[in-house]
Amino acid sequence: FLASACTRAEPLPVLGKVPDFRFVDQSGEVFTAQRLEGNVWVANFIFTHCPSVCPFLTQKMAELQRRSAKSVFLVSFSIDPKNDTPERLRAYAEKYGADPSRWFFLTGEVEQISTTVVRGFKLSLGERVEHDGGAGYDILHATHFVLVDKKRRIRGYYRKQDEDMAKLRNDIERLAKE
């Protein structure tokens, strides 16, 4: 009669593996995928001059930083590397209170970013779209958060809605115990 109370939750699925990558972080230092091995981490995809969803996504990452264990890393990949220099990323990180010891903002070559996002994380990435007569632009991109385990395996995709973020926090705790 207590069997259901003792049943373990199904393990999170393995949805792929994050490939090797080599980028530059907000400090101007080389940052490789190997640096994340052995840690649970969450990735998202932003650009600093985003006129739409990126500030909201970054606020959600800041909330994850506040509400998750210090051992959990956060990685925000810039999808506008032509404009998002390490200096711009550092200012953006500071604006959102990013702890530089665990929240990394990465930039690199356009092709390298595109390959990592599309082939590595299996997410969409569009072209830069000008608006307001060239006064601004947007880049259509996935707005998911991606949960990655200690072996760089993708274990879940989460939307920005509160219920998905609660599930993400719960799944981070589950993976930290594996």
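Modeller: 6 strands make an open sheet, in the order β1-β10-β9-β4-β5-β6, with mixed pairing. The edge strands are β1 (16-17) and β6 (103-106), each pairing on one side only. Strands (E, at least two residues) and helices (H or I, at least four) are DSSP runs numbered from the N terminus, and two strands pair if DSSP finds at least two bridges between them.

Colleague: Is this predicted or what, and how are things counted?
Modeller: It's a predicted model: local features need pLDDT of at least 70, side-chain atom pairs count only at pLDDT 80 or more, and totals for chains, interfaces and linings use all residues. Residues are numbered from 1 along each chain as its sequence is written, and side-chain values use heavy atoms, leaving out hydrogens and water.

Colleague: In which sense do β4 and β9 pair?
Modeller: Antiparallel, over 3 bridges, with β4 at residues 41-46 and β9 at 145-148. W41 has V148 in β9 as its bridge partner.

Colleague: New topic: which residues of α4 are buried?
Modeller: In α4 (residues 110-120), those are I113, T116, V117 and G120. Buried means under 20% relative accessible area, exposed over 50%, partly exposed in between (1.4 Å probe, protein chains only).

Colleague: And where do they sit around the helix?
Modeller: Looking down the axis of α4, they fall within an arc of 115°, so they line one face. That arc is taken from the directions from the helix axis to the C-beta atoms. The face turned away from the buried side carries exposed E111 and R119.

Colleague: What comes just after α4?
Modeller: K122, which takes a positive phi of about 60°.
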